[in-house]
Amino acid sequence: MEIPAELDWNDTTDHDNATRGLIDSVRPCVIRNERGRVVWDNDRWDFLNEGECPDTVHPSLWRQSGLNTAQGLFEVAAGVYQIRGLDASNMTIVEGTDGVVVIDPLTTAEVAATGLALYRTHRGERPVQAVIYTHSHGDHFGGVLGVTTAAAVASGECAVVAPEGFMHHAVSENIFAGPAMLRRAVYMYGRTLPAGARGNVGFGLAQALSTGTAGLLPPTATVTTTGQEMLLAGVRFVFQLTPDTEAPSEMNFYLPESKILLIAENVNHTLHNVLTLRGALVRDAHAWASYITESIQLFEDADIVIGSHNWPTWGNAEVLRMLTEQRDAYAYLHDQTVRLMNQGRTGAEIAEEIHSFPGELGRAWSTRGYYGSISHNVKAVYQRYMGWYDGNPAHLWQHPPVEQAKRYVAAIGGADATVARARAALDEGDPRWAAELLNHVLFAEPDHPEAAELQATVYERLGFAQENGTWRNIYLTGAQELRSTDAPAGGAPRRESPQVLAALATRQIFEMLAVRLHGPRAAAHRLLMRWEFTDTDEIWTVLVGNGVLTPMPGDAPGKENPGLTIRLGRRDLNGIVAGLTSFTEAAAAGTLELDGEAAVLTVFEGLFEQPDRDFRIVRP
């Protein structure tokens, strides 16, 4: 593998900052839920700090992963603390006059509660008077019920602060594409890979995501403008909105008295994703860079920058250097991709041409592609402007993968001949071509044993060479699944979280059902139903027609009368959508009351298709 010579391997600044201010650690750092299941195990990463980097891990990724394993309670400055290494994200605690403000309460309640308990062991039983969500990704709000309660928020004891648009964006990904994203996330985060030098060493931004109980409490206060100030627990917070950057709803804030800038996930000790490999909407690299410029202008006197991931940076000069490097990385990716795009290059061609950053950017540790890569970020910028089609007529109406594979394999001379060519390509040092050839064999003949084993070997070789943690995980998970005789399973949640469903608006629940409606089957029916929710006093009309589910608040428009009225609690609908029960079972149990043609509900229930949470990826 290629070792980056431009990097200063003797620079210990990141190590010093990652360990600075440590007060106490969790020992052993294995956290369980109330049933005894392990939801976080930081000790499994101990091997990263116990020896030299082996030849199965890129040395730069080995360094980054070791830094990410630091865990415990850290003092950033007087009255400002961070919990790090108990999840993928950091939980920041700001002390006020008579309580604390918790920022980004991790992914799940169990790890957030452990972190808060560790803080209180050393700083006392200070009440949580406010929770701040910096942005709309689950690892920054899912653990909220580990630091406060719904009752405390409802009574006004604890405020919940979030940027404008938070609730919509926090749930929209999960409503529409959650199951597909979660399956792909198994690959991206290496969730089924064992921790070790031949397996998972983290994903660059962090080591792993906790697997406990996720929840969501809606905000009680919203940040709508940059410069907006709030006094929380007696501490002055100055906010900067940064929409459509790393998340569609995101914000930074500044603590003027301590000169600390919390930069959310807009600045990290790694290059981030313009388009995450698990799938998402393409992010705006131009806006991202512009908002970092605004941060530099607004908060130029900051002495400390802390983020939602990784470790802080101390010193005004170092803070400005860090912000500038990160800003210029996203600006360079955007501007140079667009320049070459306007020269007629495609995304794949541009990604081969822009393979590194120039000058100081190329020598900066914080712009290395541990999480986002230059290659897939360049393709994402191209996709944002130009879409999936590269302009070549031959690519406008291609055969789908299986049919394409059959034709390629036949043209090459059959599966065995294609495997032989792939083996030769691997021997000649071209594993990328070998992987492409073998992929065609496996999609033409999925049970070809030699192709499967050789492809697993190719994926391993590619994975071991990656500086990017997510690329490594994807390749190694592909190899793992090719060598498994069982159907792919594990890593992805089996159902939606009832706690998260409870935070959704009723429209969002119906929209979730709409994307699970089997359109061709539903097209044979026209169903009009009135839904009366007994616990929220809502009335909704749902129309199924032309293979589409349309929810409408209130009574049905026009003169058509609903064929069925359904009375139930919203909590009961949540349970049905989460798969804890069914419409039929709820009706039989009496939690769902019907008035009209009961057969309508039977037809309605039969029109839905459950997502495949274990769909195959490396085979058809």
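This is a predicted model: local features need pLDDT of at least 70, side-chain atom pairs count only at pLDDT 80 or more; totals for chains, interfaces and linings use all residues.

I started with a side-chain pair: S373 and H376 are joined by a polar contact of 2.7 Å between their side chains.

Next I checked where S373 lies. I found S373 in the loop that links α9 (359-363) to α10 (374-386).

Buried or exposed, I asked of S373? Its relative accessibility comes out at 7%, and the cut-off for buried is under 20%, so I put S373 down as buried.

Then I listed what S373 touches. Leaving out residues up to four places away in sequence, I got L271, N468 and W471. I also looked up L275: in sequence L275 and S373 are 98 residues apart, yet C-alpha to C-alpha I read 9.9 Å.

Which strands pair with β8? One is β7 (residues 100-103), which runs parallel to β8 with 4 bridges between them. I noted V100 and its bridge partner in β8, V128. Another is β9 (residues 159-163), also parallel to β8, joined by 3 bridges. There I wrote down I132, whose bridge partner in β9 is V161.

Last, I followed the chain from β7 to β8. Helix α3 (residues 109-123) belongs to this stretch, and β7, α3 and β8 together make a β-α-β unit, which I logged as right-handed.

Conventions. Residues are numbered from 1 along each chain as its sequence is written. Side-chain values use heavy atoms; hydrogens and water are left out. Helices (H or I, at least four residues) and strands (E, at least two) are DSSP runs, numbered from the N terminus. Buried means under 20% relative accessible area, exposed over 50%, partly exposed in between (1.4 Å probe, protein chains only). Contact means heavy atoms within 4.5 Å. A polar contact is a pair of N or O atoms within 3.5 Å; within protein, one must be able to donate a hydrogen and the other to accept it, and residues adjacent in sequence count only if both atoms are side-chain atoms. Two strands pair if DSSP finds at least two bridges between them. A crossover is right-handed if, with the strands pointing away from the viewer, the path from the first strand over the helix to the second runs clockwise.
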